[in-house]
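The following paragraphs lead through one protein structure. They take up charged pairs, nonpolar packing, aromatic rings and surface in turn.

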Amino acid sequence: MQKNLDTVKKSWIDRMLDSIEKAGNKLPDPITLFIILAGIVLVLSWILSMFGVSAVQPGTEDVIQVKNLLSQEGLILILTQMVSTFTGFAPLGLVIVTMIGIGLAEQTGLISAVMKKLVLSAPTKLIVPFIIFTGLVGNLAADAAFIILPPIAAMIFMSIGRNPLAGLIITYAAVAGGFSANILISSLDVLLLGITESSAQIADSAYTGRATMNYYFLIASTFLLIGIGTWVAKKFTEPRFGKFEGKVEMLEPLTALEKRGLRWAGLVTVIYSAVIAFTVIPSNGLLRDPETGGFLNSPFMSGIVPIMLFFFLLPGLAYGIAAKEVKNDKEVAEKIFKSIADMAPFIVLAFAASQMIAFFNWSNIGAILAIKGAELLQALNFTGLPMMIGFVLICAFVNLLIASASAKWALLAPIFVPMFLYLGYSPAVTQMAYRVGDSITNPITPMLPYFAILLSFAKRYDKNIGMGTLISALLPFSVFFAIGWIILFAIWFLLGLPLGPGDYIYLK
């Protein structure tokens, strides 16, 4: 009877996943999607301008009208500004600069060695929280964590007599579900900042944001997810898979060269951190605000991206030399080239997204839609925490169909960031609500390309394992991450706590 019940449950999950997969597969490539949306904006600008659609901007009482971008003036604007629109797209430069450092650290093997060291050094009783913590911090390496960590965790589990499939599931859930939780600023913070800033400027042209705008909340989220993930692993994941009956394989320990590389990378990290601290901690530090001695509007905050660049670049270089992964400057350059080459899809996506967002801005459709949307929400009295939780759930649903965090935010931000800004909410809280929604359904969406890789990893230990089995094991993480994260968000919102240094829930 239990077996039949399990079959029914898996069949239901499989049917649900099939529906999601079919719907997602019908969507065009994100690049094509932005091109289609850009065309729609152009046509709408022509139609809405003929009908004289307008809105009154709150605060200034200026009347904003839709501008026809298919007019002679509009077409000239598009053609003459196309290149500068692309090169001036904030996420483009921010992400590429950051990835020079992270990419070198990844290509030399530093990030892989650090992850292995963290997991291997964990006491057996603390292996699960350590793996979850490593998965969360591993997001510094962006997508590399999906490939590096799960197989390492599986072999660690196997070596201590536990089921490697449980290790795979726990680690994948931590990396995917905790994609917006960390104790350090990552490339995702930088990427989303650019899109958030551009979108906020639809309503407030003077707005500037910081990569640290969600930092306090991200730190709290990290420890919350470690606790929830450890409980879910103990309560659901490990009992579900039971004892492993297959062939036991052992994880290779760090080599002498890897250990040497880590020592040198650690030394360089300490020295670099000490130098940065010396320029920030004293009230007259070089990276403090030269006029006020303050920290929030200091050169340190403005220069967080290049500071991150060298935080990864220098230790990555030290590791590569000490571990003999690089022998000369040409090999260093080649590894950086390789990491930037991997960014090619993002660069093309950034071109399409930058044009669409610019059209949205120039036509005034985005501003008018935000104003009208804000007025509607006020009329319906649907604001505050219920509105934000509703937005989280919308983002979580969209994430089932579009896996790319940057593509989703480039679609949603130009509407919701200015809309909520008109209601008095900081772009920082809108971005944070998006990040929660974007993360909680990551483990269970088949649209995430690394889900297929997880399935291939799992088949090493069970050749008959299927997508439904993986989803049913990952689902508790998504459910309890969502519950815990939304509760944390609600508490943060109701108490009005700062989301990051100088960034609050409401506009100041």
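**Charged pairs, core and surface**

Lysine 408 and aspartate 438 form a salt bridge in which the closest N and O atoms are 2.7 Å apart. Lysine 408 belongs to helix H18 (residues 405–422) and aspartate 438 to helix H19 (residues 427–440), so the pair ties together parts that are 30 residues apart in sequence. Lysine 408 and aspartate 438 are both buried. The coordinates come from a predicted model, and the distances and areas quoted here are to be read as values for that model.

This bridge is one of four salt bridges in the structure. Side chains of opposite charge can pair when their charged atoms come close. Arginine 210 and aspartate 503 make such a pair, with 3.2 Å between the closest N and O atoms. Arginine 210 lies in the loop between helix H9 (187–200) and H10, and aspartate 503 in the segment after H21, so this bridge ties together parts that are 293 residues apart in sequence. Both arginine 210 and aspartate 503 are buried.

Another bridge joins arginine 162 to glutamate 238, and its closest N and O atoms are 2.7 Å apart. It too links distant parts of the chain: arginine 162 sits in the loop between helix H7 (144–159) and helix H8 (164–177), while glutamate 238 is in helix H10 (residues 215–241), 76 residues apart. Arginine 162 counts as partly exposed because its relative accessible area is 23%, and buried means under 20%.

The overall fold is the next topic. The protein has 21 helices and two strands. Of its 508 residues, 54% are buried. Among contacts between residues at least 6 apart in sequence, 80% join residues at least 24 apart.

In soluble globular proteins, nonpolar side chains tend to be buried together. Here the largest nonpolar core has 159 residues, and the members that touch the most others are Tyr172, Phe217, Met388, Trp409, Phe420, Tyr425 and Phe489. Helix H21 (residues 467–495) supplies the largest share of this core, 14 residues. A second, separate core consists of six residues, among them Leu104, Leu313, Val326 and Ile336.

What does tyrosine 172 touch, not counting residues up to four places away in sequence? Its partners are Phe146, Gly177, Asn442, Pro443, Leu448, Tyr450, Phe451, Leu454 and Leu474.

The aromatic residues can also be followed as ring pairs, of which there are 18. A pair of aromatic rings is described by the distance of the centres and the angle of the planes. Tryptophan 231 and phenylalanine 480 form an edge-to-face pair, 5.0 Å centre to centre with 80° between the planes. Tryptophan 231 is in helix H10 and phenylalanine 480 in helix H21, so the pair ties together parts that are 249 residues apart in sequence.

Leaving aside neighbours within four places in sequence, tryptophan 231 is in contact with Phe236 and Phe480.

Phe217, Tyr425 and Phe489 are among the core members that touch the most others.

The surface remains. The accessible surface of the protein comes to about 22700 Å², and carbon and sulfur atoms account for 66% of it. Leucine 70 comes from elsewhere, namely the loop between strand S2 (63–65) and helix H3 (72–87). Leucine 70 counts as partly exposed because its relative accessibility is 37%.

Technical notes: Residues numbered from 1 in each chain as written. Predicted model: local features only at pLDDT ≥ 70, side-chain atom pairs only at ≥ 80, totals over all residues. Heavy atoms only, no water. Core = buried A, V, L, I, M, F, W, Y, C linked by side-chain atoms within 4.5 Å. Buried < 20%, exposed > 50% of the residue type's maximum accessible area, 1.4 Å probe, protein only. Helix = DSSP H or I, 4+ residues; strand = E, 2+ residues; numbered from the N terminus. Contact = heavy atoms within 4.5 Å. Salt bridge = Lys/Arg side-chain N within 4 Å of Asp/Glu carboxyl O. Areas by Shrake-Rupley, 256 points an atom, 1.4 Å probe, with all protein chains shown as cover. Phe/Tyr/Trp six-rings, centres within 6.5 Å; stacked < 30°, edge-to-face > 60°.
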